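Here is a friendly note to read alongside the structure. Keep the viewer open and find each residue as you go.

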Amino acid sequence: MDLLNTLVDKGLRRELPTREEALAVLATSDDDLLDVVAAAGKVRRHWFGRRVKLNYLVNLKSGLCPEDCSYCSQRLGSDTGILKYTWLKPDEASQAAAAGLAGGAKRVCLVASGRGPTDRDVDRVAGTIKAIKDQNEGVEVCACLGLLSDGQAERLREAGADAYNHNLNTSEGTYADITTTHTYADRVDTVNKAHAAGLSACSGLIAGMGESDEDLVDVVFSLRALDPDSVPVNFLIPVEGTPLAKEWNLTPQRCLRILAMVRFVCPDVEVRIAGGREVHLRTMQPLALNLANSIFLGDYLTTEGQAGKADLEMIADAGFEVEGAGEVTLPEHRVAGTAAGGCGSHASAGCGSHEDAEGAGCGSHAGGGVCGTAEVPVANEARTDLVAVRRRGAGTDLAPNA
């Protein structure tokens, strides 16, 4: 297919596809899907080999959020039955992080619900970063605390944070349809603040909220322009009790096409399959590793993920390998000149998720993957059986899933 040959050539040269080419990827048929995956896989392997980076989420503060993001189980006034608790102490967060690191994660994503941190909150997180780094040499720490005020990104960097996550989530044109308590521009501003402070920027999207192909291309092109080092791709989990609880419109094939499009537009960036992979990719998860080079290990913020052991077995069975702590994730041209020690750097300056995508309404079946049943699932049907609220790990007395 001429389209795919063109996209591979552009990906190997880090050249931006046209909007028409990106839209064409999303419009390919299921008959051509394996060709699409194989083509995007060439780009993925060129820049990242067969390595898969593991990340681990620690939810420092769950629920209690004043924002009204429609996709979020922690949103203002939600009745989702999730765990609700205020800030974990540094030693509690460090213990939670240790489970993921023992499972092979090299980055810990510290997330807190809310509009954005106060200066006191930044101090709290600084203490947590120190506790984690004192116990784990070489670990990467990504903070995700919402909208940043002036000077806060610099303080997080000084405290030892390597990266900052803040997702764009959807296109600028449709942003007001999902959130009214802050703007798309607010989110762009926070990503730029992270860059300017020398933090490795992490910013991604949520697919499956009823958006069009044009919306998906818009947000991915906007991300390319912002130049984050990592792009988490979340697939909406329609959690009961949220306004988007009835939005079950993703298929495994659709998810693979979205991941392929992201890879072609952001060829040399860490593309992470984030919340919702178990629910929407299901048994196609191993195929998605040909497109993305990063995943979350274990559970998400408010919902359960695939068993950590199953994640590791999936990576090995698919012929990939877990990226080691001593390996640099990003290609050399993206890390040159950065002091972040392998987290990468913005071309001109400087995980997890806020209350949004990577866990607030993300997650999967408690047992890890798709259960065998007597009935064959119908494409696009609501698979509420694959969603379970997290009741273990951070904020509980039970061992985490890692």
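1. Let's start with a term. A residue is buried when its relative accessible area is under 20%, exposed when it is over 50%, and partly exposed in between (1.4 Å probe, protein chains only). By that rule, both Phe296 and Tyr300 are buried.

2. A word on the model. It is predicted, so to speak of local features we need pLDDT of at least 70, and side-chain atom pairs count only at pLDDT 80 or more, while totals for chains, interfaces and linings use all residues. Residues are numbered from 1 along each chain as its sequence is written, and side-chain values use heavy atoms, leaving out hydrogens and water.

3. Now for the rings. Rings of Phe, Tyr and Trp (its six-membered ring) pair if their centres lie within 6.5 Å; planes under 30 degrees apart are stacked, over 60 edge-to-face, and the rest tilted. The whole structure holds 2 aromatic pairs. In one, Tyr175 and Tyr184 have ring centres 6.1 Å apart and planes at 65°, so the pair is edge-to-face. Tyr175 counts as buried at 2% relative accessibility, and Tyr184 does too at 8%. The rings of Phe296 and Tyr300 are also edge-to-face, because their planes meet at 75°, with centres 6.4 Å apart.

4. Next, the interior. A nonpolar core is a set of buried Ala, Val, Leu, Ile, Met, Phe, Trp, Tyr and Cys residues joined through side-chain atoms within 4.5 Å. Which residues have the most contacts inside the largest core? They are Val58, Tyr71, Phe235 and Phe264, in a core of 100 residues. Helix H10 (residues 252–265) gives the most to this core, with 9 residues. Helices (H or I, at least four residues) and strands (E, at least two) are DSSP runs, numbered from the N terminus. A second, separate core of 10 residues includes Cys109 and Leu301.

5. Please look at strand E7 (residues 230–235). Since 6 of its 6 residues are buried, E7 is largely enclosed by the rest of the structure. One side carries Ser230, Pro232 and Asn234, and the other Val231, Val233 and Phe235.

6. Finally, the neighbours of E7. Two strands pair if DSSP finds at least two bridges between them. Strand E6 (residues 205–207) runs parallel to E7, joined by 3 bridges, and Ala207 stands opposite Phe235. Strand E8 (residues 270–273) pairs with E7 in the parallel sense over 4 bridges, with Pro232 opposite Arg272.
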